[in-house]
Every structure is written in structure tokens, then in C-alpha cells.
Amino acid sequence: MSGADAGTWERVARVEDVPTDLPLAVTLVDGRRLCLVRLHEEVFAVEDRCPHRDFPLSGGDVVNGCLECPWHGARFDVRTGQCVSGPSEGDAVTVYPVLQVNGVVLVGGAVGG
Ligand code: FES
């Protein structure tokens, strides 16, 4: 995907502020809540809502490249949004495109989920 496909990009955090073992909750200007997840030097953004019971994912852990829901343990691949295990298997969370520019995390329009 090119940057032009994502429409407006919004600055949400600095890369160094995103932990590597926990999600960072951020809120876009329009009120949408997202979780940023950092895997090594790459940052991913998914909606902060578990499709199982609509509870927030932002209190969860990052486990093996997945964001684990703190409520009932569903795990979501942050690259694709797909639930790979747990009670929400087969569902997906919305994934947002991410750019990193000079250490700043920018989030664009949603691309799936
Ligand atoms: S609310 Fe996320 S697994 Fe139940």
C-alpha cells in the first residue's frame, strides 16, 4: 500500500514510547481508540476492541507477535488483525496502516478487519 491510499496520516506517538511487551493505547482525533504494538522496530496499529465481547484490548499483553485480549485470552495477529486462537477465532480486528517518520508513528485509514 502506498501512503496515498491511506488518506490522512495522524501522528500518534514516538516509536520509543511504544513498549515491546505491552500495547500502547492511543486515541485518534475522531475518537477512535487504537492499540499500538511494537515488534522489534516495527509498529502495528489495531482497533482497541475485541470482537468477542467488545471489551478493550489495550490491557492485554504482546505474546509471540500477537496481541492477547486480557479478558478471555483471544490472540490477534497484529499484522493481519486475524484472531489466531481463543474464543474469537475466525474473527478479526481492524488493522490500520502505520508509517514511521523520523521516530514518529503515523497512523492512516483502516485497511481491514
Ligand atoms: S473479550 Fe476478548 S476474548 Fe473475550
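What follows is a short chat about the strands, a loop glycine and the nonpolar core of a predicted model.

Biologist: What sort of model is this?

Modeller: It is a predicted model.

Biologist: Start with E2 and E3. Parallel or antiparallel?

Modeller: Antiparallel: strand E2, residues 24-27, is joined to strand E3, residues 33-39, by four bridges.

Biologist: Which residues face each other there?

Modeller: Thr27 has Arg33 in E3 as its bridge partner. Leu24 stands opposite Leu36 in E3.

Biologist: And how many residues lie between the two strands?

Modeller: Five, and the two strands form a hairpin. Gly31 sits in the turn with a positive phi of about 95°.

Biologist: What sheet do E2 and E3 belong to?

Modeller: An open sheet of four strands, ordered E2-E3-E4-E9, with antiparallel pairing.

Biologist: How many bridges between E1 and E11?

Modeller: Four, in the antiparallel sense, with E11 covering residues 104-107. Ala13 has Val105 in E11 as its bridge partner.

Biologist: Changing topic. Where is Gly81?

Modeller: In the loop between strand E7 (75-77) and strand E8 (83-85).

Biologist: Buried or exposed?

Modeller: Buried, because Gly81 has 22 C-beta neighbours inside 10 Å and the cut-off for buried is 20 or more.

Biologist: How far is Gly81 from Arg32?

Modeller: Their C-alpha atoms are separated by 16 Å, and the two residues are 49 apart along the chain.

Biologist: Now the largest nonpolar core. How many residues, and which have the most contacts inside it?

Modeller: It has 27 residues, and those with the most contacts inside it are Leu34, Leu36, Ala45, Val46, Leu67 and Phe76.

Biologist: Which strands supply at least two residues each?

Modeller: E3, strand E4 (42-47), strand E6 (66-68), E9 and E11.

Biologist: Take Ala45. What is it in contact with, leaving aside neighbours within four places in sequence?

Modeller: Ala45 is in contact with Leu34, Leu36, Tyr96, Val98 and Val107. Leu36 is also the residue that Leu24 stands opposite.

Methods
Residues are numbered from 1 along each chain as its sequence is written. This is a predicted model: local features need pLDDT of at least 70, side-chain atom pairs count only at pLDDT 80 or more; totals for chains, interfaces and linings use all residues. Two strands pair if DSSP finds at least two bridges between them. A residue is buried if 20 or more other C-beta atoms lie within 10 Å of its own, exposed if 12 or fewer, and partly exposed in between; C-beta atoms are placed from the backbone. A nonpolar core is a set of buried Ala, Val, Leu, Ile, Met, Phe, Trp, Tyr and Cys residues joined through C-beta atoms within 7 Å. Two residues are in contact if their C-beta atoms, placed from the backbone, lie within 7 Å.
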